[in-house]
Amino acid sequence: MTSDANPRFFDLVGNVRAMRRLKPDPVPRDLLFKVLEAGVQAPSGMNTQPWSFVVLEEPESKAWFAERYKAAIESRFGVLQVPEDDSKAARQGRALRYQIDHLHEFPVLLLVAGKRDWPFKVPPEERVGQAPPNYGAVYPCVQNILLACRAVGLGAALTTMHQVFEDELHERFGIPEDYGVVVTMPIGYPMGRFGPVTRRPAREITYFESWGRLES
Ligand SMILES: Cc1cc2nc3c(=O)[nH]c(=O)nc-3n(C[C@H](O)[C@H](O)[C@H](O)COP(=O)(O)O)c2cc1C
């Protein structure tokens with residue numbers, strides 16, 4: 001490693017689980033801006049920085065969001081049935097259940113919006129209706145926020161079910177039409193412990209010169 005390498009990064013990056021059980025304790029504003037500042041350090045095409053944030057902290061706003069979030073999940077997946085055992089799926093299910101039932105109590109619901117922009121591969125003559133938000137540009141910002149939350153001891157999770165009621169979301173919070181909400185991140189101090197993520201090793205899904213050819 002070079003002298004300015006930071007090996008601690010590699011511990012941190014493998015330790016950013018979706019934290020779905022959060023305490024209601026408030027997140028100090030300075031700390032919130034610290035993680036958002038990390039978010040906006042992300043790259044974007046031609047440095048357009050097409051992201052904006054809407055922070056929900058008021059109880060009525062969070063209750064409004066939480067009610068629709070729960071209804072959105074149930075409209076797609078039904079009422080979440082969680083097995084009682086100690087399997088990973090059951091534990092994840094219980095965490096999801098907790099998130100759904102307590103979303104309104106979490107201190108911050110962060111909406112990350114992205115400016116709408118047609119991908120290059122869609123030719124102008126095929127552009128109908130609104131462009132999608134520029135997901136590719138916004139996700140690096142989102143990942144920076146997840147990493148920064150972990151670095152300062154905050155828990156966060158990336159959620160996307162707001163898509164089901166996005167029109168209402170725009171109206172309620174005055175989000176302009178030329179932005180789409182990419183993710184909603186509940187942020188707060190975690191109830192449980194941070195821990196390592198479970199992922200397939202890069203060596204198993206990295207091919208050299210031709211698909212399927214693993215490192216020799
Ligand atoms: C595009 C995307 C959408 C996701 N949507 C949700 C979601 O709606 N709700 C949620 O709790 N987690 C969501 N997640 C988080 C994943 O469920 C989580 O990263 C995955 O299950 C692995 O768990 P871990 O990160 O805790 O290891 C999403 C992640 C991504 C990248």
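Two strands pair if DSSP finds at least two bridges between them; helices (H or I, at least four residues) and strands (E, at least two) are DSSP runs, numbered from the N terminus. The model shown is predicted: local features need pLDDT of at least 70, side-chain atom pairs count only at pLDDT 80 or more, and totals for chains, interfaces and linings use all residues. Residues are numbered from 1 along each chain as its sequence is written.

View 1. Four strands form an open sheet in the order 1-2-4-3, with antiparallel pairing. Strand 1 and strand 3 (155–156) are the edge strands, each pairing on one side only. Between strand 1 and strand 2 there are 6 bridges in the antiparallel sense. Trp-51 has Gly-114 of strand 2 as its bridge partner.

**View 2. The largest nonpolar core.** This core (buried Ala, Val, Leu, Ile, Met, Phe, Trp, Tyr and Cys residues joined through C-beta atoms within 7 Å) has 35 residues, of which Val-112, Ile-145, Cys-149, Ala-156 and Met-185 touch the most other members. A residue is buried if 20 or more other C-beta atoms, placed from the backbone, lie within 10 Å of its own. Helix 5 gives the largest share of the core, 8 residues.

**View 3. The ligand shell.** Among the residues surrounding the ligand are Arg-17, Arg-20, Gln-99, Thr-159 and Met-161; a residue is near a molecule if its C-beta atom, placed from the backbone, lies within 6 Å of it. The shell has 6 nonpolar, 3 polar and 2 charged residues, where Ala, Val, Leu, Ile, Met, Phe, Trp, Tyr, Cys and Pro count as nonpolar, Asp, Glu, Lys and Arg as charged, and the others, Gly among them, as polar.

Notes. A residue is buried if 20 or more other C-beta atoms lie within 10 Å of its own, exposed if 12 or fewer, and partly exposed in between; C-beta atoms are placed from the backbone.
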